[in-house]
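This briefing goes through a protein structure by topic. Please keep the sequence and the coordinates at hand while reading.

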Amino acid sequence: MKCALVTGGSRGIGKAICIELSTHGYFILINYRSNEKEALDTLEQVRARGADGEIIAFDVADRHQITEVLGGWIEKNQDKEIEVLVNNAGIKDDGLMMWMKDEQWDQVLGTSLNGFFFVTRLVLNNMLLRRYGRIINVVSLSGIKGMAGQVNYSAAKAGVIGSTKALAQEVGRRGITVNAVAPGFIKTDMTEEMNEKELQAHIPVRRFGTADEVAHTVAFLASPRSGYITGEVISVNGGLYT
Ligand code: NAP
């Protein structure tokens, strides 16, 4: 059975990606950290579209949990092949660098950058053996241009962009593509406290994006027909570059 693993699939962009990929024939493995209720809601929406899936709780910042929980799932489910991996789980914890605490740095990098490394390394092995895979990393405009107050978040996302390009070169000949999607401002819990009215003046399309619009781009890269696109970063930001 063809399977897609989406980290942070309980809410926001990850939820939309799970729902979108479920319409492309995948069994959806919905990862979350703590919000089981929302993860189950994602599963319900996947099933409502005639597909199936499973929820799986592990903290992507915790390498031991990844080995134990995801590694255990892979061993137990040899009939299911993870063909698509979407590294979406991410957090922000903003503040000026002057006052940024060690934990703010560690947690934000731990989730996005270490999370990418440990989850992908585990899933990659079978993709290499099967000579097929699609890895899509959800990064951010902050990782491309840098954003004041987000030295930790910008570093984490820029790190994932570099890793995307490097890994793409390592695994291209094995039929595996590695790409990144870089959203601008998207309406989710993460941007709930931002003032859209004020910020939209700086966005050429004059609005925040939707999680659906990001999910559509992820599904495009996940398609078997996108096999000649790799090491790429696609922005989904309404034209916001400066
Ligand atoms: P969100 O609404 O806050 O949802 C975050 C998701 O990530 C939740 O499902 C959460 O699980 C999960 N998560 C967080 N830390 C985790 C961990 N350590 N292990 C496993 N799962 C974890 O965020 P979002 O806006 O959808 O963002 C999704 C991705 O897009 C992130 O990588 C973010 O950096 C990126 N992004 C977002 C925007 C934006 O404007 N929203 C812009 C650029 C990039 P629980 O429900 O269990 O907490």
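This is a predicted model: local features need pLDDT of at least 70, side-chain atom pairs count only at pLDDT 80 or more; totals for chains, interfaces and linings use all residues.

Which residues does I74 touch, not counting residues up to four places away in sequence? They are I82, L122 and N126.

**I74 in helix 3**
- I74 is part of helix 3, which covers residues 63-76.
- I74 counts as buried because its relative accessibility is 18%, and the cut-off for burial is under 20%.
- From I74 to A48 there are 26 residues in sequence, and the two C-alpha atoms are 25 Å apart in space.

**Strand 1 and its partners**
- Strand 1 spans residues 2-6, and four of its five residues are buried, so the strand is mostly covered.
- Strand 4 pairs with strand 1 in the parallel sense, over five bridges.
- Within that pairing, V6 has V86 of strand 4 as its bridge partner.
- Strand 2 (residues 27-32) also runs parallel to strand 1, and four bridges join the two.
- Opposite L5 stands L29 of strand 2.
- In a regular strand, side chains alternate between the two faces of the sheet.

- An α-helix has 3.6 residues a turn, so residues three or four places apart point the same way.

**Two loop residues**
- S226 sits in the loop between helix 8 (211-222) and strand 7.
- S226 is buried, because its relative accessible area is 3% and the limit is under 20%.
- Leaving aside neighbours within four places in sequence, S226 is in contact with R134, T177, F220 and L221.
- M98 belongs to the loop between strand 4 (81-87) and helix 4.
- M98 is exposed, because its relative accessible area is 69% and exposed means over 50%.

**Surface patch**
- L96, M98 and W99 make a nonpolar surface patch of about 430 Å².

How values were computed. Residues are numbered from 1 along each chain as its sequence is written. Side-chain values use heavy atoms; hydrogens and water are left out. Patches are made of residues with over 30% relative accessible area and no salt bridge: like charges are joined within 9 Å, nonpolar side chains (Val, Leu, Ile, Met, Phe, Trp, Tyr) within 5 Å. Accessible areas come from the Shrake-Rupley method with a 1.4 Å probe; for residues, only the protein chains shown count as cover. A salt bridge is a side-chain nitrogen of Lys or Arg within 4 Å of a carboxyl oxygen of Asp or Glu. Buried means under 20% relative accessible area, exposed over 50%, partly exposed in between (1.4 Å probe, protein chains only). Contact means heavy atoms within 4.5 Å. Two strands pair if DSSP finds at least two bridges between them.
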